[in-house]
Amino acid sequence: MKSFDDLWDELSDRNYTDGPDQSGTTGKLLALGVHGIGKKIVEEAAEVWMAAEYESDENLANEISQLLYHLQVLMLARGIEIEDVYEKL
């Protein structure tokens, strides 16, 4: 099991300078830029909402995890640190 902080550590410790082909899904998302990542976040947020309305708790948890992942990729793209977010909670 991975925590929000564990995911952040994993994503932020990777080197994405070799381009998307070298970095898997995260590198490909980063190559899309803020606009492309933002579109993915909107899609994932809608899937969270639909899962909350119509699907099991397990499916909802899966959709939430995907949304959190994409939010962290956006943070990487913009250079936002996890502490910046925690400061606002």
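Predicted model: local features only at pLDDT ≥ 70, side-chain atom pairs only at ≥ 80, totals over all residues.
The chain contains four helices and zero strands, where helices (H or I, at least four residues) and strands (E, at least two) are DSSP runs numbered from the N terminus. Along the sequence, the elements follow the pattern α-α-α-α. Residues are numbered from 1 along each chain as its sequence is written, and side-chain values use heavy atoms, with hydrogens and water left out.

Of the 89 residues of the chain, 27% count as buried; buried denotes under 20% relative accessible area, exposed over 50%, and partly exposed the range in between (1.4 Å probe, protein chains only). Among contacts (heavy atoms within 4.5 Å) between residues at least 6 apart in sequence, 58% join residues at least 24 apart.

Helices H1 and H3 pack at an angle of about 45°, with their axes 10 Å apart. The axes are lines fitted to C-alpha atoms, for helices over the stretch in contact, and angles run from 0 to 180 degrees between N-to-C directions. H1 is therefore oblique to H3, since angles under 35 degrees count as roughly parallel, over 145 as roughly antiparallel, 65 to 115 as roughly perpendicular and the rest as oblique. On the H1 side, Phe-4, Leu-7, Trp-8, Leu-11 and Ser-12 meet residues of H3, including Leu-68, Tyr-69 and Gln-72.

Because Phe-4 lies in helix H1 (residues 4-13) and Tyr-86 in helix H4 (residues 82-86), the pair ties together parts that are 82 residues apart in sequence. Phe-4 is partly exposed, with a relative accessible area of 27%, and Tyr-86 is likewise partly exposed, at 35%.

His-70 lies in helix H3 (residues 57-78) and counts as buried at 6% relative accessibility. The side chain of His-70 reaches the backbone oxygen of Gln-66 at 2.7 Å. Apart from neighbours within four places in sequence, His-70 is in contact with Leu-29, Ile-37, Lys-40, Ile-41 and Glu-44.

Terms used. Polar contact = N/O pair within 3.5 Å; in protein donor to acceptor, adjacent residues only side chain to side chain.
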